[in-house]
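Please look at the sequence and the model together, and keep the charged side chains in view.

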Amino acid sequence: MTFSNAALSTQHSAPASTVSDYIALLKPGVMSLVVFTGLAGMVLAPGHLHPLQQFLTLFCIALGSGAGAAMNMWYDRDIDAVMKRTKNRPIPSGKIAPDDALAFGLFLAALAVMLMGLALNWLAGGLLAFAIFFYAVVYTQWLKRSTPQNIVIGGAAGAFPPMIGWAAVTGDVSLEPFLLFLIIFLWTPPHFWALALYKNEDYARAGVPMLPTVAGSVATKRQMVMYAWLLAVAALALPFLGMAGKTYAAAALVLNAAFLFHVHRTLGDPTDRWARKTFGFSILYLFMLYTFMMADRWITAAAF
């Protein structure tokens, strides 16, 4: 794989970085969803935390997410430089030196894990450490460039926040947080492959073996349908297992029907129109699904 000299010259530059550059290094859009699902795990867990501990839990999850993002951008600076979607990120654009990004990511990771362990418990801290490691090392440095199933296995990293939030409250992990993990794990492939379908040329140019690049769009869309159906089963299982009530059940039924509609329309669309729509809706889907989980819990608590 060959990249331009300009793409690699950022290793030796000493740019004048700003606060906004470092914020961009943390992938704040991704971080917001990570923190939100961590909040859901905390709300759904049996028990209560002091407000300061609640804040620290979400703060540590945010720091951990940002740490993983910074280390991801440090390692992926070569392919980021040749992809239209990522070429303006802080490192390939020359705004932050690679060594500075790596040091920043490692510092945030250590701070997040130590603070979580000391302020909450070491199970939550250990889960946070493993999530950071899985994203920054297992996914970024191994899976992403070696297998078209990269996002399937690597998606586990983004599925940990509700489990971490749960562990922060309870000090343990049971079936319930695992199901919250499973929902995000099954959501990730159709979500990310929808993006990969209309950014296929970008990934091909960078030599990243995303499923659309390796197996083609039709095979990718069929797998998206499979994962969307598995996701619907997992999401609708919560009321049957006593984890949610009628409010969530009704919302989950509508949301999953809408998600399945989008994915099936993508399957039958030879253009990238429905892939774009599916990607956008998938973010709304996850946000609303976890919103209704929490709303259902608050409604149930208010009734007693």
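What follows is a walk through salt bridges in this structure.

This is a predicted model, in which local features need pLDDT of at least 70 and side-chain atom pairs count only at pLDDT 80 or more, while totals for chains, interfaces and linings use all residues. Residues are numbered from 1 along each chain as its sequence is written, and side-chain values use heavy atoms, with hydrogens and water left out.

The structure holds 6 salt bridges, a salt bridge being a side-chain nitrogen of Lys or Arg within 4 Å of a carboxyl oxygen of Asp or Glu. One of them joins the side chains of R145 and D76, at 3.0 Å from N to O. Because R145 lies in the loop between α7 (122–143) and α8 (150–154), and D76 in the loop between α4 (51–75) and α5 (77–80), this pair ties together parts that are 69 residues apart in sequence; helices here are DSSP runs (H or I, at least four residues), numbered from the N terminus. D76 is buried, with a relative accessible area of 0%, whereas R145 is partly exposed at 27% (buried means under 20% relative accessible area, exposed over 50%, and partly exposed in between, with a 1.4 Å probe and protein chains only). Both residues belong to a network of salt bridges that links D76, D78, K144 and R145.

Another salt bridge, at 2.6 Å from N to O, brings together the side chains of D202 and R205, which are 3 residues apart in helix α12 (residues 200–206) and therefore separated by about one helical turn. Of this pair, D202 is buried at 4% relative accessible area, while R205 is partly exposed at 41%.

How values were computed: Helices (H or I, at least four residues) and strands (E, at least two) are DSSP runs, numbered from the N terminus.
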